[in-house]
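Colleague: I would like to learn how to read a structure like this one. Please show it and take me through it feature by feature.

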Amino acid sequence: MSQILAEPKQNIQKIYGFDYLRAIFSLVVVIWHVFQPWTIQPQNFLTFVVMVISYDFLLLAVPVFLQISLFLFYVNRNNNPDYLKNRIPKLLKMYVFWVLLYSLVRLPESQFNFSRFPDLSTIFEFILSGGNSLFYFFITLIILLIIAEINWQVVNQKTGLNQGKINHVLLITSALVVLLLPIAYIYKYQQFTALISYWNPLNFLPCVFSSYWVFQHSNQQPKPKKNSLFICLLILIIFYLFFACIEWQYLYYNQEDMWLGGYQLPTYTRLSLFFGSWSLLLAGLMYSAKPPLIIKILSKYSLGIYCLHIFLNGVMDKILTPIWAKHNLINDLISLVIVVPAAILLTKFLKRYKFFHNLI
């Protein structure tokens with residue numbers, strides 16, 4: 001997510017930790033879509049470990065990208081009051097372009113009925129889900145940035161109230177919302193699948209306030225001691241592990257399709273992912289080692305990897321399926337090895353053209 005997660009030009013010191021997060025989790029997104037680990041059934045201990053890694057680590061990618069984006073929004077907003085006005089149009093262009101392209105590519109496989117106009121709920125879901133694609137990220141980010149701007153206005157009003165306390169109240173409230181969504185779905189509102197859908201922006205609402213907390217601590221004078229930040233990081237990791245255990249205990253369903261799409265857990269409607277991504281944001285800010293060349297390359301082209309890999313993986317699937325069974329391990333490994341470099345090279349090629357400068 002090189003453009004979306006770019007550090008502000010006003011900052012003299014580059015946040016090298018963010019390069020590592022961009023690089024690692026751009027690969028994680030590809031791994032998730034290539035290997036499709038949600039299709040794995042827990043037949044033994046090894047497969048259960050794969051499931052835990054998939055749900056509790058691989059799915060951290062989108063929350064981490066959002067945490068970084070929101071943190072950098074606050075940094076930029078601190079220097080430029082009109083930052084959001086310039087940012088939203090760029091994100092909207094990305095959203096419209098990639099959703100339209102994805103929809104056109106998938107049109108032959110879709111079962112859309114052109115004889116009847118879709119109802120409002122279908123249109124609403126199409127918009128928020130990015131056409132049922134990974135490009136929901138862009139519209140989710142737009143919504144969260146608007147909320148972040150409102151949060152900035154609220155906590156920075158000169159009312160005499162403590163800024164930190166206001167943000168803490170909003171953070172706790174939003175976390176409770178995420179906690180209650182799957183509970184409400186299980187016990188009363190199973191007809192409202194949007195409550196636990198991967199594209200529901202409420203899944204990521206706490207990120208608006210956690211990223212502001214990190215911004216506040218990074219921006220305060222004197223700078224907080226590393227020991228105190230390290231203690232905060234440990235507490236966040238403990239919360240992450242605690243909620244992950246709770247979710248596997250109480251939200252795990254294997255016998256029925258409770259969470260839609262064959263998932264054994266709700267995808268993003270989980271507090272473990274919030275605390276995990278928050279801890280990674282803080283860790284990325286604290287980590288100052290310069291990245292090696294491979295990390296720099298993956299970070300620089302992370303947006304291209306995110307946007308293009310889904311198309312390239314589809315091409316590889318069509319090529320390899322006649323040779324090996326679909327989603328065979330060999331098939332997936334070959335796809336992974338080819339898709340990532342191909343996405344980087346294609347991104348580099350497309351960036352030669354002005355039209356793609358703000359799209360990839």
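Modeller: Read along the sequence, the protein chain follows the pattern α-α-α-α-α-α-α-α-α-α-α-α-α. That comes to 13 helices and zero strands; helices (H or I, at least four residues) and strands (E, at least two) are DSSP runs, numbered from the N terminus. This is a predicted model, in which local features need pLDDT of at least 70 and side-chain atom pairs count only at pLDDT 80 or more, while totals for chains, interfaces and linings use all residues. Residues are numbered from 1 along each chain as its sequence is written, and side-chain values use heavy atoms, with hydrogens and water left out.

Colleague: What percentage of the residues of the protein chain count as buried?

Modeller: Buried means under 20% relative accessible area, exposed over 50%, and partly exposed in between (1.4 Å probe, protein chains only). Of the 360 residues here, 49% count as buried.

Colleague: Which residues have the most contacts inside the largest nonpolar core?

Modeller: A nonpolar core is a set of buried Ala, Val, Leu, Ile, Met, Phe, Trp, Tyr and Cys residues joined through side-chain atoms within 4.5 Å. The largest one has 109 residues, and Phe71, Trp98, Phe135 and Phe138 have the most contacts inside it. Helix 3 (residues 61-79) gives the largest share of this core, 12 residues.

Colleague: How do I read a pair of aromatic rings?

Modeller: A pair of aromatic rings is described by the distance of the centres and the angle of the planes. Rings of Phe, Tyr and Trp (its six-membered ring) pair if their centres lie within 6.5 Å; planes under 30 degrees apart count as stacked, over 60 as edge-to-face and the rest as tilted. The whole structure holds 45 aromatic pairs. One of them, Phe18 with Phe71, is edge-to-face, at 5.7 Å centre to centre and 90° between the planes. Phe18 lies in helix 1 (residues 16-35) and Phe71 in helix 3, so the pair ties together parts that are 53 residues apart in sequence. Both Phe18 and Phe71 are buried.

Colleague: Why is the pair of Tyr20 and Tyr287 edge-to-face?

Modeller: Their ring centres are 5.2 Å apart and their planes stand at 85°, so the pair counts as edge-to-face. Tyr20 is buried, with a relative accessible area of 17%, whereas Tyr287 is partly exposed, at 43%.

Colleague: Where does helix 12 bend?

Modeller: The bend at a residue is the angle between axes fitted to the seven residues ending there and the seven starting there. Helix 12 bends by about 45° at Leu308, and 14 of its 19 residues are buried.
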